[in-house]
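Here is a short report on one chain and one of its residues. Please look through the structure before reading on.

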Amino acid sequence: MLQGLVLLFGFQFIGELLSHLFALPIPGNVIGMALMLVALTSGIVKEESISEAGELLLKYMALFFVPAGVGVMLYFDLIAREWLPIIVGTVVSTFVVMAVTGWTEQLLGGADD
Amino acid sequence: MTELVTTPLFGIILTLATFWIAELVYRRTGFILLNPVFVSICSIIIFLKMTHIDYAAYASGGKLLLFLLGPSVVALALPLWQRREQILKRKLPILVGVCAGALSSIISAAGTAWLLGGSHKVVLSLVPKSVTTPIAIGISEKIGGIVPLTAALVVLTGCIGAICGPEFCRLIRIRKATSMGLAIGTASHGIGTARVLEEDRLAGAVSGLAIGLNGLATAILVPLLWFLFGW
């Protein structure tokens, strides 16, 4: 468990460092995910060493978004002023993206694996 | 009493307890509109408003839980690694799918808001709404959007994908795990991914991949569109 946490936080740290050093538009944790994938592929990190901590974090990932969502309450006034274009634009676009992305992938990839 | 509210303990216990109850209710009822993330956010906001407790007091504990999101995103490498063969087999459809999704997100979000009479700044704030928060904030800043509004819309977008993503995909006949994961991850980043992970491991892995790919695609497409059309 501890080893996994060290590795997961460590890779995030390296990701943040690279994102900062090279002024990349990608957040450090996403770079950390890519680096972790490379490390798993090359055998530097074994799956077993991060699986316990990783599975636990993944299981509760949804929970970690709650505080960010509560922050929305600070901007109620802003949203209330132009709620129609804001809400309708967001809802419509979210469904459009799901349809376009899913259909494109399905069409190009064929019906079966 | 007031001192206790400003310690991180308050925000942590309020979030954990609310989410725990919200998840119990969701499991018992199986009603998709009762998505635990969405219900928890609404309940905590109502609670804070009713008790007149400052957001800042809540956030001192809340941000500690939010902090764990970082290593969780790194941990998304795990399902990706476990499903690498199935994902690599479809790498081209996945890449093209994300690019199509990123482009349709920018156009449909800005277009709909503009048609409904949204102000210039509001339209620009909607552009990066499908992208994970840190990237979305960076893009919104660069193009002159209202950064806090963008951050709020990213959460709203995530909740929409988490609440009805899998059902919507089934409705429009997106059945394959990779297609569904890609669709929800591209449209609604990490919050959507958290829901997909509960439904299907492969779909969750692809959804996690889509967070990074869409962030990258949008970060490249927005300045490009800006240059081409100079909005």
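In what order do the elements of chain B run from the N terminus on? They run α-α-α-α-α-α-α-α-α-α-α-α-α. Chain B has 13 helices and zero strands; helices (H or I, at least four residues) and strands (E, at least two) are DSSP runs, numbered from the N terminus.

This is a predicted model, in which local features need pLDDT of at least 70, side-chain atom pairs count only at pLDDT 80 or more, and totals for chains, interfaces and linings use all residues. Residues are numbered from 1 along each chain as its sequence is written, chains are lettered from A and ligands numbered from 1 in the order written, and side-chain values use heavy atoms, without hydrogens and water.

**Chain B overall**

| Property | Value |
|---|---|
| C-alpha box along the principal axes | roughly 55 × 40 × 30 Å |
| Share of the 231 residues counted as buried | 58% |

Buried means under 20% relative accessible area (1.4 Å probe, protein chains only).

**One residue: B:I41**

B:I41 lies in helix α3 (residues 36-51) of chain B. Its relative accessibility is 7%, so B:I41 counts as buried. What does B:I41 touch, not counting residues up to four places away in sequence? In chain A, B:I41 touches A:V66, A:G69 and A:V70; in chain B, B:V155 and B:C159. Contact means heavy atoms within 4.5 Å. B:A22 is 19 residues from B:I41 in sequence and 10.0 Å away, C-alpha to C-alpha.

Note on methods. Buried < 20%, exposed > 50% of the residue type's maximum accessible area, 1.4 Å probe, protein only.
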